[in-house]
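Subject: Structure handover

Hello,

Here is the structure I said I would pass on. Please open it before you read the notes below.

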Amino acid sequence: MVRSLWVAGGYLVGTLPSTRIVARVRRATGLLASVGRTSGEQDAHVVLWRHLGPGWTAAAATFDVVKAFVYVLVADHVAHLPPVWLALVGAAVVLGYTFPFYARATAGRGLAASAGVYLVLLPVQMTVAGVLILVGVATRNTSLFSTVAMASVPVVAAIQGQPPEYVALGGVVFALILLRRLEGVRDVIRRGVSPGRAILYRAVFDSSEPPGHRPRVTGVGEEEAPQP
């Protein structure tokens with residue numbers, strides 16, 4: 001029962017809506033009105049970047065990483081949960097972050113919470129993923145490289161001989177990220193895009209458009225906004 005409560009608590013921690021908190025603090029009502037779950041371009045963190053700039057976006061993303069990191073760290077070093085339960089806690093945090101039962105419009109797309117979980121349980125694998133994401137930022141292909149980075153985590157974990165529970169965690173987290181992105185696939189299909197291409201755009205590139213045609217965020221320079 002106690003271990004189950006740790007898993008439930010992980011889900012609740014994951015649901016804490018950082019972008020909504022920032023929007024309320026800054027009284028950015030236009031931000032909250034602009035967010036939507038079915039399009040990566042209208043993700044809460046991307047809209048936050050557009051309305052309040054990179055500083056507040058970084059603060060929200062950092063909060064998302066830290067809340068996941070601290071909770072899993074405590075579950076590991078204070079509750080001394082075994083690997084299978086730590087994996088369940090980590091998956092619950094990401095599930096709450098991507099599919100909260102409240103404030104759904106401002107939910108994240110999985111990357112920030114996953115990073116916090118992995119920094120505790122799979123730090124080497126997260127370092128590899130982080131390098132790949134930085135390459136994506138440098139080449140302005142953030143979403144593609146974030147997909148590759150998250151897909152690499154269970155593979156690298158298996159190669160390094162990590163506990164099978166943690167390898168499975170990497171697979172579950174990657175599946176949650178893809179499932180979250182696919183929420184908008186029907187809207188893309190309705191615009192005349194074939195189902196196969198729509199799934200490719202949404203799952204791999206987290207976009208409603210072909211690669212190279214994604215709208216860029218305006219008002220804060222030419223840099224592509226991240227999608228945590």
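Helices (H or I, at least four residues) and strands (E, at least two) are DSSP runs, numbered from the N terminus. Over residues 214–226 the pLDDT is below 50, and this stretch has 33 contacts in the model beyond near neighbours in sequence; contact means heavy atoms within 4.5 Å. For the chain, the mean pLDDT is 87, with 89% of its residues at 70 or more.

Some ground rules. This is a predicted model, in which local features need pLDDT of at least 70 and side-chain atom pairs count only at pLDDT 80 or more, while totals for chains, interfaces and linings use all residues. Residues are numbered from 1 along each chain as its sequence is written, and side-chain values use heavy atoms, with hydrogens and water left out.

Helix α5

Helix α5 covers residues 54–77, which is 24 residues. From its first C-alpha to its last it reaches 34 Å, close to the 34 Å expected at 1.5 Å a residue; the expected span is 1.5 Å times one less than the number of residues. Which residues of α5 are buried? They are T57, A60, A61, D64, K67, A68, Y71, V72 and A75. Buried means under 20% relative accessible area, exposed over 50%, and partly exposed in between (1.4 Å probe, protein chains only). The cover over these residues includes α1 (2–15), α2 (18–26), α4 (44–52), α6 (83–98) and α7 (111–121).

Helices α6 and α10

The axes of α6 and α10 are 9 Å apart, and the two helices pack at an angle of about 10°. Axes are lines fitted to C-alpha atoms, for helices over the stretch in contact, and angles run from 0 to 180 degrees between N-to-C directions. That angle makes α6 roughly parallel to α10, because angles under 35 degrees count as roughly parallel, over 145 as roughly antiparallel, 65 to 115 as roughly perpendicular and the rest as oblique. From α6, the residues in the contact include L86, G90 and V94; from α10, they include Y166, L169 and L176. By class, the contact of α6 with α10 has twelve nonpolar, two polar and two charged residues. Ala, Val, Leu, Ile, Met, Phe, Trp, Tyr, Cys and Pro count as nonpolar, Asp, Glu, Lys and Arg as charged, and the others, Gly among them, as polar.

Two buried residues

A44 is found in helix α4 and is buried, with a relative accessible area of 1%. Leaving aside neighbours within four places in sequence, A44 is in contact with T19, V35, A105 and T106. Q125 is found in helix α8 (residues 123–138) and also counts as buried, at 1% relative accessibility. With neighbours within four places left out again, Q125 is in contact with V153, V156, A157, Q160 and Q162.

Positive phi

Most residues other than glycine have a negative phi. A103, in the loop between α6 and α7, has a positive phi near 50° and is buried at 17%. R140, in the loop between α8 and α9, has a positive phi near 60°; at 41% relative accessibility, R140 counts as partly exposed. Just after α12, D206 takes a positive phi of about 50°.

Regards

Definitions and conventions: pLDDT is the predictor's confidence in each residue, from 0 to 100.
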